[in-house]
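Dear colleague,

Please find below the structure that I am handing over to you. My notes on it follow directly after.

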Amino acid sequence: MGTWDIGHFDSDTAADFAGDLDDAPRGKRAELIRDALTVVVGTTDYLDSDEAVVAVAAAALVAAQCPGGEPVTTPYGPDEPVPDLPSELRGLAVQALDRVVTEPSELLELWSEGGHGEPWEEGIGRLRAVLAAAG
């Protein structure tokens, strides 16, 4: 996992996802975000860290459009504007975040083993709170 910090886009995989969003036609960006969340929600066995990282980044983009959400200002996030996202993605993003922090999850294991699990989980919790409040 090419990760350099606990931010939602602070990994090679999340930055690649942002690039994929930039490369996609504007009308397809919401679909890419939905797909990233749906893959994770539908995973009942071991959740791969790459899928989890992309879902967290997608959830951050959804949360950014919610009241109280923080804009994605990192240089590793999308350069192109994210269109207004359907409100039903908020609940899907909550479900995806819940799955990311539930065993078996490689990303959860990696953060826990790396000694930075608590600040990472706090960031996930803040995202989840914004999304759940906007429900």
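Helix 5 is followed by G115, whose phi is positive, near 85°. Helices here are DSSP runs of H or I with at least four residues, strands are runs of E with at least two, and both are numbered from the N terminus.

The model is a predicted one, in which local features need pLDDT of at least 70 and side-chain atom pairs count only at pLDDT 80 or more, while totals for chains, interfaces and linings use all residues. Residues are numbered from 1 along each chain as its sequence is written, and side-chain values use heavy atoms, with hydrogens and water left out.

Helix 5 spans residues 106-113, and its buried residues are L107, L108 and W111; buried means under 20% relative accessible area with a 1.4 Å probe, counting protein chains only. These residues lie on the same side of helix 5, because they cover an arc of only 100° around the axis, taken from the directions from the helix axis to the C-beta atoms. They pack against helix 3 (49-64), helix 4 (89-100) and helix 6 (117-134), a contact being heavy atoms within 4.5 Å.

As for the whole chain, it holds 6 helices and 0 strands. Its radius of gyration is 13 Å, close to the 14 Å that the globule rule gives for 135 residues, so the chain is as compact as a globular protein of that length. That radius is taken over C-alpha atoms, and the rule is 2.2 Å times the number of residues to the power 0.38. Of the 135 residues, 41% count as buried.

With kind regards

Conventions:
Buried < 20%, exposed > 50% of the residue type's maximum accessible area, 1.4 Å probe, protein only.
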